[in-house]
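Please read these notes with the model open beside them.

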Amino acid sequence: MIDRVLPPGVSRRALLTSGLKLAGSVSAASVLAACAGGDAPMVTNNPQAAPTPPVTGGPLPNGGAVVALILPLGAQGNAALAGQAMKNAAELAMSEMGQPPIQLLIKDDAGTTQGARTAAEAAINEGARIILGPLFAHAVGAAAQVARPRGVPIVAFSTDTNVAGNGVYLLSFLPQTDVERIIRFTASQGKRSFAALLPENAYGTVVQGAFQQTVSEVGGRVTALERYTPARLADSVKRVADVAAQTDAIFIPDTADSVANVVQQLTTAGVDLKRIRLLGTGLWDEQRLFSVPQMEGAQFAAPDSAGWRSFTARYKARYGTDPVRTATLAFDAVSLVGAIVRTQGAEGLSATTLTNPSGFTGVDGAFRLKMDGTNERALAVMEIRGGTTTVVSPPPRSFSSVSL
């Protein structure tokens, strides 16, 4: 899957609770939001193009276990903006711990493969017990080549599940969770026939697999599954319209602008959107989509917004600017390892603790890391009504009460 970086001020997904809380029998942690996609420009770093960055930045001045944070601080464009915001968020998390039980060692990979490899090597040589980051899939893979033989776990920020597993855990927002939540909830409402209009891109490929699998698991059926580009959209819409009479819900996991266009064409093709429910993922969490008349009653999966608002206010008070959406990943990662080390010592930074099935609760609500390196998140189901959204199914507070 392709990693994307959001520019400052873009709030695509919302957060649930502020700060870290103990969940189950383990320490504390965090969930994050906004997976891949949206209207932000793509980051097109050549994994080998940029020179190897200087690996600088000693631990922040406090004692405790050494924790490395690898970010693309010296990269180009939005990648560097994201890196700086995530560095700020990590330092905010440190300041909110009181007396931090960890030392934070910040390394710059410049968004490159060689940079990540060099940064990971230096961090481990300086005593890092765990690595947080990198942000991009190619950098995660390079860092893992160094960390795995040394037994150092990685909690990374990429959305590409191909780099997960064997000691690499993704703390990013994965679209599969959105898909499972909205399809399972819709099936619980008695709807069993699903059509899908999916963008012809990497995101569409990921959600297609999750959609087909989840529909099958809930005992539903797929009446139509269409991949579209702007040039082929009309033909794809027509094929979905042809089976509309046998369809309970239409799944359109795309950005706000694209969804508005698809919905308009469905209306033109004669699809009765008052009878058929429109479904989406967290990419729908954009205010401009909520005022589209045809979206009335549409539903999508996302975190609630209270945690994001609280985090943004604290970040802005400290740094004078709004954070990028990915900043919460670094905040939660640092808070997670800080809580583990405080309660269990550095020895707690193990696969057993990181993958505790009870999960953790943080800025974005309940989440848990899985042994395969992916994650699960407890999401709300939001419904669009009157130009805004309301929660029709709240997110569970812990995985003991999860019913996706």
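The points below take the sheet, then the helices.

1. This is a predicted model, in which local features need pLDDT of at least 70, side-chain atom pairs count only at pLDDT 80 or more, and totals for chains, interfaces and linings use all residues. Residues are numbered from 1 along each chain as its sequence is written, and side-chain values use heavy atoms, leaving out hydrogens and water.

2. An open sheet is formed by 5 strands with parallel pairing, in the order β2-β1-β3-β4-β5. Strands are DSSP runs (E, at least two residues) and helices likewise (H or I, at least four), numbered from the N terminus; two strands pair if DSSP finds at least two bridges between them. At the edges, β2 (102-108) and β5 (168-170) each pair on one side only.

3. Strands β1 (residues 65-71) and β3 (residues 130-132) run parallel and are joined by 3 bridges. L69 has L132 in β3 as its bridge partner.

4. Helix α1 (residues 77-95) packs on the sheet and touches β1 and β2, where contact means heavy atoms within 4.5 Å. The direction of α1 makes about 175 degrees with that of β2; angles run from 0 to 180 degrees between N-to-C directions, with axes fitted to C-alpha atoms, for helices over the stretch in contact.

5. Helix α10 lies across β1, β2 and β3, at about 150 degrees to β2.

6. The axes of α9 (residues 306-319) and α10 (residues 327-344) come within 12 Å and cross at roughly 90 degrees. That makes α9 roughly perpendicular to α10 (65 to 115 degrees). In this contact W308, F311 and R314 of α9 meet A327, T328 and F331 of α10.

Note on methods:
Angles under 35 degrees count as roughly parallel, over 145 as roughly antiparallel, 65 to 115 as roughly perpendicular and the rest as oblique.
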